[in-house]
Amino acid sequence: MLDFAEPDETSAGFAGTQVVWDLGDLALAQVSTKGLGFAGLAGHIRRNPIDHWLLTLLSEGSSQTTTPSRSFDGGAGSVQVHPLGRAFEGHVTDSEMLLLFVPRDFYRDMAYVLDAAEFSALDRGMGRLLADYLTSLALRLPTLDVTDVPGLVAATRAMILACFAPSPENLGEAHEPITAAMLERARCFVQAHLFDPYLDAKALRHELGISRSRLYRLFETSGGVMHYIQHRRLLAARAALADPTDHRRILDIGEEHGFGDGAEFSRAFKREFGCRPSDVREGINNGRSNWQTDDEQNAAPGERLGLLLRRLQA
């Protein structure tokens, strides 16, 4: 997710703790850390990047973030917005914070709302309201039952939309609003032609009427056009596998979604979601929760957040 820089002084050791709640469509982390430097890397640097929005609420401490075009500060009580698929760097003092990971597909039709607020800190009005909500959420999560999660996620989605409602000022400062509209058009085209064996970068360029370099920049944070197309196909395959009414063989589902070889399908699926196609099918048949996988349950503590963030892309 991020690269961390060692603090200048570590002779006394380094302290940091993290507790993560898996909310199915979202993830919330409570973090306590000594001061450190951090850097987010753009998609072309990472083969399989995480491109969620990260909403950070500092309850203690402060931070500063620098991007290629601007810098902004975050203090206690402010909610910061970092798009993890873009390049940035900064530092944080000794801090207590809450991190809410919001997948882009969680707001597929309203992505511009958070795009308009990216690389900013909300510390007044609705920003304070969101900070109060996140604080209350973290306090109450340990007492909630799994059956409460769907309603909780719906309420959180509504709260984020309300607090980040795009004002004319926000939209005016949005990062390349024309690019955002073009990207949404590209995503709709990919989804509509997902099972077309001829769907590729050339077809997408023809549909959008843009150059190869422009198309590359458009999908840079998604790991490239073909990686994005494969990601969407794997998502559709996972939905089919999780459908208890779909009794087709796993191999047939893989073939429908562009994988002619069962082993290739299984490897790609494992890379994307951290589990095998058969694990999803078996989980549905056994009535297991669709957001808990054996890989996450059995992984070492230091690996669980990474597995969770990968799965949130589904």
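## Basis of the description

The model is a predicted one, in which local features need pLDDT of at least 70 and side-chain atom pairs count only at pLDDT 80 or more, while totals for chains, interfaces and linings use all residues. Residues are numbered from 1 along each chain as its sequence is written, and side-chain values use heavy atoms, with hydrogens and water left out.

Helices (H or I, at least four residues) and strands (E, at least two) are DSSP runs, numbered from the N terminus.

## The six-stranded sheet

Six strands form an open sheet in the order S2-S3-S10-S5-S8-S11, and their pairing is antiparallel; two strands count as paired if DSSP finds at least two bridges between them. Strand S2 (16-22) and S11 stand at the edges with a single partner strand each, so one side of each has no neighbour in the sheet. On average, neighbouring strands are turned by 20° against each other, direction ignored. Angles here run from 0 to 180 degrees between N-to-C directions, and axes are lines fitted to C-alpha atoms, for helices over the stretch in contact.

Helix H2 (residues 126-140) touches S2, S3, S5, strand S8 (79-83), S10 and S11, and its direction makes about 95° with that of S10. Helix H13 (residues 301-312) touches S2, S3 and S10, and its direction makes about 35° with that of S2.

## Strand pairs around S10

Strands of a sheet pair through backbone hydrogen bonds, either parallel or antiparallel. Strand S10 (residues 95-102) is mostly covered, since seven of its eight residues are buried; buried means under 20% relative accessible area, exposed over 50%, and partly exposed in between (1.4 Å probe, protein chains only). Strand S3 (residues 27-33) pairs with S10 in the antiparallel sense over seven bridges, and Leu28 stands opposite Leu100 in S10. Strand S5 (residues 53-60) also runs antiparallel to S10 and is joined to S10 by seven bridges, with Trp53 standing opposite Val102 in S10.

S2 and S3 form a hairpin with four residues between them, and Gly24 in the turn has a positive phi of about 85°.

## A loop residue with positive phi

Phe119 has a positive phi of about 55° although Phe119 is not a glycine. This residue lies in the loop between helix H1 (111-115) and strand S11 (120-122), and with a relative accessibility of 3% Phe119 counts as buried.

## Two crossing helices

Two packed helices are described by the angle between their axes and the distance between the axes. Helix H8 (residues 225-241) and helix H10 (residues 262-273) pack at an angle of about 95°, and their axes are 10 Å apart. H8 and H10 are therefore roughly perpendicular to each other, because angles of 65 to 115 degrees count as roughly perpendicular, those under 35 as roughly parallel, those over 145 as roughly antiparallel and the rest as oblique.

The contact is made by residues including His227, Leu234 and Arg238 of H8 and Phe265, Phe269 and Glu272 of H10. The residues of this contact divide into eight nonpolar, three polar and three charged; Ala, Val, Leu, Ile, Met, Phe, Trp, Tyr, Cys and Pro count as nonpolar, Asp, Glu, Lys and Arg as charged, and the others, Gly among them, as polar.

## Salt bridges

The structure holds six salt bridges, each being a side-chain nitrogen of Lys or Arg within 4 Å of a carboxyl oxygen of Asp or Glu. One of them joins the side chains of Asp94 and Lys34 (3.9 Å, N to O). This pair links distant parts of the chain, 60 residues apart, with Asp94 in the loop between strand S9 (88-92) and S10 and Lys34 in the loop between S3 and strand S4 (36-40). Asp94 is partly exposed at 47% relative accessible area, and Lys34 is partly exposed at 39%.

Asp252 forms a salt bridge with Arg249, with the closest N and O atoms 3.0 Å apart; Asp252 counts as partly exposed at 27% relative accessibility, whereas Arg249 counts as exposed at 53%. Arg276 forms a salt bridge with Asp279, again with the closest N and O atoms 3.0 Å apart; Arg276 is partly exposed at 43%, whereas Asp279 counts as buried at 15%.

How values were computed:
Contact = heavy atoms within 4.5 Å.
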